[in-house]
Amino acid sequence: MYTGHLGIALAAKGLRSRVGLWVLVAASQGCDWADAVAWAIGHQDPRSSRWLAFDGWTAQMASHSVPSVLVLAIVLAVLYWATARDGRGAALVAVVTLSHVPADYVTSVKPTWPGGPRIGLSLYAHPAADFLLEAAIVCGGWLLYRRSLPTPRAASRVAWLALVALVALQLAANAGRPGILGATPVDTPPSPTTHRPDRPMAALARRAARAASAAADTFP
Amino acid sequence: MAMHGILHALLWAAALLLEAAVVLIADHRLRGR
């Protein structure tokens with residue numbers, strides 16, 4: 001999901017205006033920044049565990065799995081609470097952070113936990129549907145966000161421009177896919193629901209079959 | 001491949017920054033700060 005995450009951040013701002021919008025934006029994008037860092041440090045295949053020490057703990061697992069987002073949500077919520085002493089705000093920061101992963105399950109396919117299934121509806125494969133969904137989330141979030149604004153500003157040109165710009169960005173992202181919305185092979189699963197491409201037993205069976213074939217070639 | 005990874009990261013970071021800038025700049029102006 002792209003601008004839909006910001007739609008969620010805007011909605012959260014409308015629900016509790018005391019929390020800074022930049023905090024909610026950072027929380028909503030947290031997993032994606034971790035993903036960008038993983039790519040920047042030389043990790044091309046998000047399924048690979050080449051640069052991570054733990055078995056089965058891949059880069060995409062580190063940025064988008066359930067345990068990762070739980071840790072990220074706790075860290076951001078504690079940081080917010082430590083600086084603002086606002087318990088409800090901290091809970092909201094945690095919820096916005098956590099919302100990233102279920103939202104991504106709609107638009108793409110993500111790992112759940114080490115050894116767990118990769119799940120997702122891969123809506124990116126249907127750009128028009130993805131655009132409609134994310135634009136709707138942005139519009140809903142923007143409507144809630146306006147409640148946090150002073151009355152004369154809520155219907156101002158700047159407020160409308162922000163909405164139009166976000167929807168235009170989403171349109172550009174959908175038109176530019178796969179360059180923008182994560183050109184990763186894991187986003188195009190063989191099944192739109194649930195699949196486990198890296199089952200250890202299946203990999204062992206394939207390796208055994210290859211070894212048997214090679215042995216047959218060597219010793220006819 | 002390493003260059004591809006860096007380019008992907010830069011493109012993705014630019015996309016994230018762009019959408020964040022849109023809402024944060026608008027919010028800044030709307031609240032008159």
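Which residue lies over the face of A:Trp81? Select A:Trp81 and you'll find A:Arg85 there, 4.3 Å from the ring centre. A charge counts as over a ring if NZ of Lys or CZ of Arg is within 6 Å of the ring centre and within 35 degrees of the ring normal.

Before moving on: this is a predicted model, where local features need pLDDT of at least 70, side-chain atom pairs count only at pLDDT 80 or more, and totals for chains, interfaces and linings use all residues. Residues are numbered from 1 along each chain as written, chains are lettered from A and ligands numbered from 1 in written order, and side-chain values use heavy atoms, without hydrogens and water.

Next, the aromatic pairs: the whole structure has two over all chains. Rings of Phe, Tyr and Trp (its six-membered ring) pair if their centres lie within 6.5 Å; planes under 30 degrees apart are stacked, over 60 edge-to-face, and the rest tilted.

Select A:Tyr2 and B:Trp12. Their ring centres are 6.2 Å apart with the planes at 40°, so this pair is tilted. A:Tyr2 sits in the segment before helix H1 (3–15) of chain A and B:Trp12 in helix H1 (residues 2–30) of chain B, so the pair joins two chains. Helices are DSSP runs (H or I, at least four residues), numbered from the N terminus. A:Tyr2 is buried at 3% relative accessible area, and B:Trp12 is buried at 6%; buried means under 20%, exposed over 50%, partly exposed in between (1.4 Å probe, protein chains only).

Now pick A:Trp142 and A:Trp160, a tilted pair with 4.7 Å between centres and 55° between planes. A:Trp142 is buried at 4%, while A:Trp160 is partly exposed at 41%.
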